Amino acid sequence: MLSLISELWAFMKVRKKFWLLPILIVLGLFGVLIVLAQGSAIAPFIYTIF
């Protein structure tokens with residue numbers, strides 16, 4: 001996992017694609033939210049966010 005992150009950072013640094021960083025962070029946060037909410041007491045509250 002760490003190698004993937006370092007490769008993405010190297011790609012963004014070389015190609016000057018720093019605008020991808022906020023998109024990747026938001027996607028990562030949504031992924032964590034989905035994983036944590038699966039089968040937990042937080043699930044009903046996530047529906048109110050959207």
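Trainee: What relative accessibility does isoleucine 5 have, and what does it count as?
Mentor: Isoleucine 5 counts as partly exposed because its relative accessibility is 47%, and that class lies between buried, under 20% relative accessible area, and exposed, over 50%, with a 1.4 Å probe and protein chains only. Keep in mind that this is a predicted model, in which local features need pLDDT of at least 70 and side-chain atom pairs count only at pLDDT 80 or more, while totals for chains, interfaces and linings use all residues. Residues are numbered from 1 along each chain as its sequence is written, and side-chain values use heavy atoms, with hydrogens and water left out.

Trainee: Which helix is isoleucine 5 in?
Mentor: Isoleucine 5 sits in helix α1, where helices are DSSP runs of H or I with at least four residues, strands are E runs of at least two, and numbering starts at the N terminus.

Trainee: And how far is isoleucine 5 from phenylalanine 45?
Mentor: Their C-alpha atoms are separated by 30 Å, and the two residues are 40 apart along the chain.

Trainee: Which residues form the nonpolar patch on the surface?
Mentor: Isoleucine 5 is one of them, together with Met1, Leu2, Leu4, Leu8, Trp19, Ile23, Leu24 and Leu27, and the patch has about 980 Å² of accessible area. The elements that give two or more residues to the patch are α1 (2–15) and α2 (20–37), and α1 has the largest share, with 4 residues.

Trainee: What counts as a patch?
Mentor: Patch residues have over 30% relative accessible area and no salt bridge, with like charges joined within 9 Å and nonpolar side chains (Val, Leu, Ile, Met, Phe, Trp, Tyr) within 5 Å.

Trainee: New topic: how much space lies in the largest pocket, and which residues line it?
Mentor: The largest pocket holds about 270 Å³ of space, and its lining is made of Met1, Leu4, Ile5, Leu8, Trp9, Met12, Leu21, Leu24, Ile25 and Gly28. Here a pocket is an open set of points on a 1 Å grid over the protein atoms alone, with protein on both sides within 12 Å along at least five of seven lines, and lining residues have an atom within 4 Å of a point.

Trainee: Which element gives the most to that lining?
Mentor: Helix α1 gives the most, with 5 residues, although α1 and α2 each supply at least two.

Trainee: What about leucine 24, where is it found?
Mentor: Leucine 24 belongs to helix α2, and with a relative accessible area of 36% it is partly exposed. Leucine 24 and leucine 8 lie 16 residues apart in sequence and 9.8 Å apart in space, C-alpha to C-alpha.

Trainee: And valine 35, buried or exposed?
Mentor: Valine 35, also a residue of helix α2, counts as exposed at 59% relative accessibility.

Trainee: What is phi of lysine 16?
Mentor: Phi of lysine 16 is near 60°, a positive value in a residue other than glycine. Lysine 16 is placed in the loop between α1 and α2, and at 62% relative accessibility it counts as exposed.

Methods. Areas by Shrake-Rupley, 256 points an atom, 1.4 Å probe, with all protein chains shown as cover. Salt bridge = Lys/Arg side-chain N within 4 Å of Asp/Glu carboxyl O. 1 Å grid on protein atoms, 1.4 Å probe; cavity = no way out; pocket = protein on both sides within 12 Å on 5 of 7 lines; lining within 4 Å. Points joined across faces, edges and corners; volume = space filled by probe spheres on them.
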